[in-house]
Amino acid sequence: MSLTREQVDHIARLARLNLSDEERERYREQLSAILEHFQRLQELDTENVPPTFRAVESHRQPRPDEVQDSLPRAELLSNAPEVEQNQFRVPPILD
Amino acid sequence: MSDLTSLSLHRALQGYRKGDFSCRELIQAYLERIQNLDFDLNAYLYTDSEGALKAAEIADQRFAAWRKFPDSELPPLLGIPIAVKDILCVKGMPCTCGSRILEGFVPPYNATAVERLLAAGAILLGKTNTDEFAMGSSTENSAYGVTRNPWNRERVPGGSSGGSAAAVAARLAPLALGTDTGGSVRQPASFCGVSGIKPTYGRVSRYGLVAYGSSLDVVGAFGREVQEVAMVFELMAGLDRRDATTVDLPVPHVNFDQPIDLRTIRVGVPKEYFLPGMQPDVEQAIRQAIVKLQELGAQIEEISLPHTEYALPVYYLIAPAEASANLARYDGIRYGPRLSAETMWDIFYRTRGEKFGAEVKRRIMLGTYALSAGYYDAYYGKAQKVRTLIKQDFERAFQTVDVIAAPIAPTTAFPIGEHTDDPLAMYLEDVFTLPANLAGVPGLAFPVGFDQQGLPIGMQLMGNYFQEELLFRIAHTYQLATDWHLRTP
């Protein structure tokens with residue numbers, strides 16, 4: 001199990017991570033070794049085994065859909081790196 | 001007055017009621033100890049002396065009022081200090097999750113677990129160090145420096161809740177909150193010689209817990225004695241409408257006044273948890289603790305959890321996959337620092353690339369790969385199916401035994417820097433803690449001995465779903481008969 005440079009670039013792109021050349025090479029080696037170790041899962045026959053997505057099911061009823069107060073806008077914006085006119089400020093996303 | 005920090009929770013509450021000392025004095029004693037010792041240990045990332053002293057004064061007023069009307073009710077943890085792992089939101093206190101990407105973030109709300117402890121009268125001392133986003137087994141992945149083990153400064157405290165475990169061990173807090181996604185309460189409890197609970201999944205609300213692996217994350221607690229841990233557990237557990245995965249079941253009050261008759265208890269010892277490569281004095285301490293339980297009356301049976309060895313790959317596919325989705329929210333737009341760029345996409349790439357640490361990026365990459373087109377069935381899908389087999393191992397075991405006793409880690413606290421260049425070696429530290437998270441069952445860690453170098457060794461009792469009470473009562477009986485938990489570094 002060995003990942004290629006192209007695969008690592010593809011994953012980094014999907015994950016929106018800028019990586020240096022050195023990081024790319026290190027992750028390529030480390031992830032290859034980790035995935036190689038994980039191959040042992042393939043020994044198990046799971047043909048008729050259902051997946052477990054959550055170990056304990058809560059069996060809860062949905063709550064009534066009622067309007068409730070949310071946190072004040074000023075409090076939420078207080079953590080934002082850039083704010084303008086009471087909104088999150090971002091660079092243009094459309095041409 | 002610094003010896004106030006050696007009082008048990010019970011004695012502290014008794015002292016408050018009698019007026020032997022004030023909450024202010026006790027809080028002051030802890031704050032002084034933090035000031036004197038924590039520059040070296042680095043258990044805390046943030047302390048709130050001012051807030052804690054103010055809360056202590058209010059608590060003192062309530063005790064004064066109560067002494068005039070002793071029939072009135074007092075909140076159960078009134079005036080008791082507690083430290084909070086820096087991955088749970090506390091309104092007005094910085095929450096970094098040990099990451100640069102949340103530097104400067106101050107949550108505008110409390111986690112439910114925190115909210116409930118505040119309602120019970122607890123006083124928050126501050127936030128404790130953690131591996132970045134709880135990803136790690138040593139606290140070395142914190143962007144704010146490693147926490148040192150109070151028993152030996154050259155050793156790790158375990159992780160990811162290493163700051164909380166070290167704080168309790170060094171008496172920088174009598175109680176602390178942690179979280180356990182793959183062993184992050186139990187393993188640091190073992191490395192630091194304290195007691196800690198990983199509750200059943202869904203037992204404690206995750207609201208306000210910064211998400212890592214959402215199908216595995218659970219809020220837990222540390223204390224010196226299991227009796228104290230049980231009290232925190234009881235107060236924070238239970239249904240919460242703000243976390244749809246919490247379960248609507250009553251949380252029983254753990255009655256320690258009536259000792260449990262261990263002759264009615266069957267303890268399973270899984271043979272897969274004793275590996276040839278494990279540290280010999282760890283195995284010896286665990287075997288002796290099991291003999292002790294037997295002497296106290298318990299019936300011991302060897303059992304098998306045959307899929308134990310697969311827990312490691314299953315966990316390290318599922319948790320990173322969930323993390324890769326959960327950590328997509330850190331994009332430099334709504335909170336945390338932002339690296340400037342011409343386009344929004346480049347803000348994402350640059351901010352995430354530079355502000356996430358090496359292990360977090362590694363797990364995001366691993367999880368993204370496991371979920372990506374063409375590999376989903378082979379990795380993520382396969383892991384979810386093997387998770388079912390691991391869960392069935394436990395279900396089968398609990399048909400014949402009441403609890404399972406097992407080691408927590410194959411070694412005692414390892415030297416700082418030992419595994420930092422080899423992620424797979426670090427992951428292997430988690431082999432004995434991961435299965436309980438994958439199955440969702442509760443686990444309780446408590447000290448059962450020391451190795452030849454004087455480092456603590458912990459054991460875990462794993463129980464059937466929602467059987468935390470049984471674990472607490474058995475471990476309490478053990479602690480009444482032993483004194484490992486009373487040793488201090």
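Is A:Ala15 buried or exposed, and how many C-beta neighbours does A:Ala15 have inside 10 Å? A:Ala15 counts as buried, with 24 such neighbours. The views below start there. This is a predicted model: local features need pLDDT of at least 70, side-chain atom pairs count only at pLDDT 80 or more, and totals for chains, interfaces and linings use all residues. Residues are numbered from 1 along each chain as its sequence is written, while chains are lettered from A and ligands numbered from 1 in the order in which they are written.

**View 1. A:Ala15 and its contacts in chain B.** A:Ala15 sits in the loop between H1 and H2 of chain A. Helices are DSSP runs of H or I with at least four residues, strands are runs of E with at least two, and both are numbered from the N terminus. Buried means 20 or more other C-beta atoms within 10 Å of a residue's own; exposed means 12 or fewer; partly exposed lies in between; C-beta atoms are placed from the backbone. Neighbours within four places in sequence aside, A:Ala15 is in contact with B:Ser324, B:Ile364, B:Met365 and B:Thr368. Contact means that the C-beta atoms of two residues, placed from the backbone, lie within 7 Å.

**View 2. Helices H9 and H11 of chain B.** The axes of H9(B) (residues 311-326) and H11(B) (residues 358-371) come within 7 Å and cross at roughly 95°. Axes are lines fitted to C-alpha atoms, for helices over the stretch in contact, and angles run from 0 to 180 degrees between N-to-C directions. H9(B) is therefore roughly perpendicular to H11(B), a label for angles of 65 to 115 degrees. H9(B) contributes B:Leu317, B:Pro320, B:Ala321, B:Ala323 and B:Ser324. Among the residues from H11(B) are B:Arg363, B:Ile364 and B:Thr368. By class, this contact has eight nonpolar, three polar and one charged residues. Nonpolar covers Ala, Val, Leu, Ile, Met, Phe, Trp, Tyr, Cys and Pro; charged covers Asp, Glu, Lys and Arg; the others, Gly among them, are polar.

**View 3. The side of chain A that touches chain B.** Here 41 residues of chain A are in contact with 57 residues of chain B. Helices H1 (5-14), H2 (21-38) and H3 (73-77) of chain A each give two or more residues to this side. H2(A) provides the largest share, seven residues. The side divides into 27 nonpolar, seven polar and seven charged residues.

View 4. Chain B has 15 helices and eleven strands.

Note on methods. Angles under 35 degrees count as roughly parallel, over 145 as roughly antiparallel, 65 to 115 as roughly perpendicular and the rest as oblique.
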